[in-house]
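Morning, everyone. I will take a few minutes to go through one protein chain and how its parts sit against each other. Please have the picture up while I talk.

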Amino acid sequence: MTGVRKAELHCHIEGAASPALVMAQAQKYGADVSGFISGDRYVWSDFTEFLTAYDGAAALFRTPQDYALLAQTYLEGIAAENAIYAEIFVSPDHASAAGLTPESYFDGLAQGIEAAKASTGIECRMIVVGIRHFGAEKVEAAAGLAASRPHPLITGFGMAGEERFGRVAEFARAFDIARDAGLGITIHAGELAGPDSVRDALDHVRPSRIGHGVRAIEDEALVKRIAEEGVVLEVCPGSNLALGLYPDMARHPFDRMRRAGVKVTLSSDDPPHFGSSIGREYEMAAEAWGYDAAQLTAITRTSLEAAFVDAPTRAFLLGQLD
Ligand code: ADE
Ligand code: ZN
């Protein structure tokens, strides 16, 4: 399965920093990471603690060069697993907390993206995210920033963070701003909260993709609606298991959703936090549900068809699956 070409639609760049890289950054800035890293592992026990570890790691990327290194390391790592395409969630709010302007943040990331493309051929785009638990005003500001098209590699807008904070309707304006600017739209829903959250996301945000969305499985009519509307789910099984949504892959709904006609894709979310990688996600799916190379490649095809890229790039990438 390692030969199967892969695409990753859902990975938070700050969450892709390995403990080793974060420790090197901590040494550079004389910071203490013992609160959230132990040995070669992140330490957290629930979603709230995970967010603390995530924020702690993000605080140690403070220059464009730091972000270039992070993006290049992540992308070269997944290219070695045969990924040909990735979209990374980028959070101007995290950059700002670390003292970076949005411009220097995007430029640093773009340098890393270009270096990885030069060394491996991997293609990458950025999706600006607002952080839900920072409130609607901050999320609208992130949308406004993305809508100003500050970098050509920014092709989408989304929302991450604590799904149990507020109601989706409060964030609808942010998504209107981003949609009007022609950006691709995705939103985290149906991860920490149930089917109502997914339904609200569909009603108020009209996304072409949903981050996770797996808890829609708790409502049969909703699964049917997602299938009929062709909304693509960015499913991250390793993340879902690590955060305790499901006890094991046998109970994970990915395959049931696929059989119900939902367009499901595979991603790693925050790979080192969850002991995962895009390669590992494909491997786990193959082990759990017996997918062969053709079925795994079909998942990649679904990802590329849903990717926030221009038509020539999409055609080029799809051509690599033949
Ligand atoms: N930010 C980083 N990872 C996340 C996740 N799994 N859910 C919501 N927000 C996130
Ligand atoms: Zn996520």
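Before the numbers, one term: buried area is the accessible area, taken with a 1.4 Å probe, that two parts lose on being put together, summed over both. The size of an interface is often given this way.

Now the chain itself. This is a predicted model. The protein chain contains 14 helices and ten strands. Its C-alpha trace spans about 50 × 45 × 40 Å along the principal axes. For 322 residues, a compact globule would have a radius of gyration near 20 Å, and the chain has 18 Å, so the two agree.

Next, the domains. The assignment puts residues 6-17 and 64-319 in domain 1, and residues 19-60 in domain 2. Between the C-alpha centres of the two domains there are 22 Å.

How much area is buried between domain 1 and domain 2? The figure is about 1,600 Å², with carbon and sulfur atoms giving 66% of that area. On the domain 1 side, A17, D66 and H273 lose the most area to domain 2, and together they make up 35% of what that side buries. In terms of contacts, 21 residues of domain 1 meet 17 residues of domain 2.

Which residue forms a salt bridge with D66? It is K28, and the closest N and O atoms are 2.6 Å apart. The count of salt bridges between the two domains is one. Residue pairs in polar contact between them number six.

Last, the domain 1 side that touches domain 2. Helix α3, residues 64-79, supplies the largest share of that side, with four residues. By type, the residues of that side are ten nonpolar, six polar and five charged.

How values were computed
Residues numbered from 1 in each chain as written. Chains lettered and ligands numbered in written order. Predicted model: local features only at pLDDT ≥ 70, side-chain atom pairs only at ≥ 80, totals over all residues. Heavy atoms only, no water. Domains from an automatic or database assignment. Contact = heavy atoms within 4.5 Å. Salt bridge = Lys/Arg side-chain N within 4 Å of Asp/Glu carboxyl O. Polar contact = N/O pair within 3.5 Å; in protein donor to acceptor, adjacent residues only side chain to side chain. Helix = DSSP H or I, 4+ residues; strand = E, 2+ residues; numbered from the N terminus. Nonpolar A, V, L, I, M, F, W, Y, C, P; charged D, E, K, R; others polar. Rg over C-alpha atoms; globule rule 2.2 N^0.38 Å.
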